Amino acid sequence: MLYAGVGCSFCSFCLWTAAISRIGPVRAGIVYYSMPVFAATGAHIVLGEAVNTAQVVGGMLIIGGILIATLQRPHLPVRKENS
């Protein structure tokens, strides 16, 4: 009970607050979507839960979406209209 209260609640709140101050609220919000991947990975490692194809595909989609949202895209030059 103490671990769940201190470890999961207090420490995660402190880390989340530090992440927001370091990388900004937009990027920290994107990290929020990776939580199911970490939960499934932790359940597999700690509890020995089985991993199925749907979970792997879902994890890949989550990671792909985070990469697409966070990678820097080159700025395209603004096209000037002929007057």
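S34 sits in the loop between α2 and α3 (35-47), where helices (H or I, at least four residues) and strands (E, at least two) are DSSP runs numbered from the N terminus. The model is predicted: local features need pLDDT of at least 70, side-chain atom pairs count only at pLDDT 80 or more, and totals for chains, interfaces and linings use all residues. Residues are numbered from 1 along each chain as its sequence is written, and side-chain values use heavy atoms, with hydrogens and water left out.

S34 counts as buried because its relative accessible area is 11%. Buried means under 20% relative accessible area, exposed means over 50%, and partly exposed lies in between (1.4 Å probe, protein chains only). Apart from neighbours within four places in sequence, S34 is in contact with I62 and I66; contact means heavy atoms within 4.5 Å.

The chain as a whole has 4 helices and 0 strands, and its elements run α-α-α-α from the N terminus on. Of the 83 residues in the chain, 8% are buried. The chain exposes about 7500 Å², with 70% supplied by carbon and sulfur atoms. Accessible areas come from the Shrake-Rupley method with a 1.4 Å probe; for residues, only the protein chains shown count as cover.

V31 counts as partly exposed because its relative accessibility is 42%.

I62, a contact of S34, also lines the second largest pocket, together with P36, V37, A40, T41, V51, Q55, V56, G58 and G59. On a 1 Å grid over the protein atoms alone, a pocket is an open set of points with protein on both sides within 12 Å along at least five of seven lines, and lining residues have an atom within 4 Å of a point. About 170 Å³ of space lies in this pocket. Both α3 and α4 (53-70) supply at least two residues of the lining, and α4 gives the most, with 5 residues.

How values were computed:
1 Å grid on protein atoms, 1.4 Å probe; cavity = no way out; pocket = protein on both sides within 12 Å on 5 of 7 lines; lining within 4 Å. Points joined across faces, edges and corners; volume = space filled by probe spheres on them.
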